[in-house]
Amino acid sequence: MRDYDEVTAFLGDWGPFQRLIFFLLSASIIPNGFNGMSVVFLAGTPEHRCRVPDAANLSSAWRNHSVPLRLRDGREVPHSCRRYRLATIANFSALGLEPGRDVDLGQLEQESCLDGWEFSQDVYLSTVVTEWNLVCEDDWKVPLTTSLFFVGVLLGSFVSGQLSDRFGRKNVLFATMAVQTGFSFLQIFSISWEMFTVLFVIVGMGQISNYVVAFILGTEILGKSVRIIFSTLGVCTFFAVGYMLLPLFAYLIRDWRMLLLALTVPGVLCVPLWWFIPESPRWLISQRRFREAEDIIQKAAKMNNIAVPAVIFDSVELQELNTLKQQKAFIMDLFRTQNIAIMTIMSLLLWMLTSVGYFALSLDAPNLHGDAYLNCFLSALIEVPAYIIAWLLLRTLPRRYIIAAVLFWGGGVLLFIQLVPAGAYNRMLPYILMGSLTVLIGIITLLFPESLGTTLPETLEQMQKVKWFRSGKKTRDSTEIEENPKVLITAF
């Protein structure tokens, strides 16, 4: 029985059909760059101080000194969460006493911001923070919102693959696009922080599901020689494009509701892609829907101006496929044997810790010294040459050594960043933690089996023969798999 790549070899690798799929699926990833990082500006915290009511009977001198000063980064700034007790300073003002001269401000009683806050509009006109006063005693709600968004990402990561196996890649791709765009639009009408956050969790589920399914669909439709380009210069670069456009939109639109509205438009523009992106023929074959798979292959051949063979799947192959028992795989099967379980755990650690480092640094970019919008743009821009370098390296060098070297490099930079002079030492602790974890996962990566120049396993039985800490040389088992492919790519 021939495998799918052999069956469709006559289509070529980079015809009009493949180029169309490559760019349309990559373009569908742009909204992911918006939603993945939008919390940076939607929940930005501007400079703020306690509000002193206009009705308060204070002289101009006491109004200017109504908020105590505190030391931050080596300089004195107004306190964000405390003010001098209003009744006390109003009494001093009525008596004609001057702050600092007649009254020692350091001895005055303080109170919380009972009348709310005044927010600076130098950077943001409004955010969810200014909308619902998520500062001081409620400042924990902002990181919780971000964390819950990534809880949605986690849930979407678990269910997206299962749903696409059950209902098809195309259907789930556009359904998750609708979830991401629709619930992002509903966030505009949020009347409370709780409503905004719950909707944000669902947006996170749609965001990662859209990304994962587009990735799967592209790698299943495109040929072997194009898959690395698609997975690096395709989906990743277009994610970076969306990420770069985010600070541009945020700079031009400083109100969080209008910004969110602008960020939903690209998702709506993806609707016409339904008529141009086909279902995965590999998935259709796994579902025994051979006629539909052949129709897509024939349309691809027509678009590429290539004559279609008289027979794409011969009767013998179809008979074998119809009698072949469909293998059902579940998540727990990844822990069924020691060999597969070890590689599963290592893969989970690799993805988890790499994602922690990436998103922690990306979400912190606006907090660095300088302009928040420019910092965010540069953080996205630097990803483009990184993806190009990754594509070039993946073509020739062993993958595990590439990953390990990059992780060692990145982890080392994070560890040594503490040597840069700064304010308080505790601000370095997150970088020390991320650096240590990044170096650790770099070491673990060296234990992975090498995939360069080898045929990837397609079933659990084939995966069982792949040993962790395997060298780059082809083993007898992998050579046997390569020379005697037994099955077509099936839904996993």
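Arg 83 is buried, at 2% relative accessibility. In this predicted model, the side chain of Arg 83 forms a salt bridge with that of Glu 111, at 2.8 Å from N to O. Arg 83 belongs to strand β4 (residues 82-84) and Glu 111 to strand β5 (residues 110-112), so the pair ties together parts that are 28 residues apart in sequence. Glu 111 is also buried, with a relative accessibility of 14%. Arg 83 and Glu 111 are linked with Asp 115 in a network of salt bridges.

The whole structure holds 9 salt bridges. Among them is the pair Asp 165 and Arg 169, at 2.6 Å from N to O. Asp 165 is buried at 14% relative accessibility. Arg 169 is buried at 3%. Another pair is Arg 101 and Asp 102, whose closest N and O atoms are 3.2 Å apart. Here Arg 101 is exposed, at 64% relative accessible area, and Asp 102 is partly exposed, at 39%.

A nonpolar patch lies on the surface. It is formed by Leu 154, Phe 158, Val 159, Leu 163 and Phe 167, which together have about 460 Å² of accessible area. Phe 158 sits in helix α8 (residues 141-167). Its relative accessible area is 48%, so Phe 158 counts as partly exposed.

Helices α10 (residues 193-221) and α11 (residues 224-252) have axes that come within 10 Å and cross at roughly 155°. The two helices are therefore roughly antiparallel. Their crossing is right-handed.

Ala 262 is in helix α12 (residues 256-269). Ala 262 is buried, at 19% relative accessibility. Its C-alpha lies 9.9 Å from that of Leu 246, a residue 16 positions away in sequence.

Terms used: Residues are numbered from 1 along each chain as its sequence is written. This is a predicted model: local features need pLDDT of at least 70, side-chain atom pairs count only at pLDDT 80 or more; totals for chains, interfaces and linings use all residues. Side-chain values use heavy atoms; hydrogens and water are left out. Patches are made of residues with over 30% relative accessible area and no salt bridge: like charges are joined within 9 Å, nonpolar side chains (Val, Leu, Ile, Met, Phe, Trp, Tyr) within 5 Å. Accessible areas come from the Shrake-Rupley method with a 1.4 Å probe; for residues, only the protein chains shown count as cover. A salt bridge is a side-chain nitrogen of Lys or Arg within 4 Å of a carboxyl oxygen of Asp or Glu. Helices (H or I, at least four residues) and strands (E, at least two) are DSSP runs, numbered from the N terminus. Buried means under 20% relative accessible area, exposed over 50%, partly exposed in between (1.4 Å probe, protein chains only). Axes are lines fitted to C-alpha atoms, for helices over the stretch in contact, and angles run from 0 to 180 degrees between N-to-C directions. Angles under 35 degrees count as roughly parallel, over 145 as roughly antiparallel, 65 to 115 as roughly perpendicular and the rest as oblique. A crossing is left-handed if the near helix is turned anticlockwise from the far one by less than a right angle, and right-handed if clockwise.
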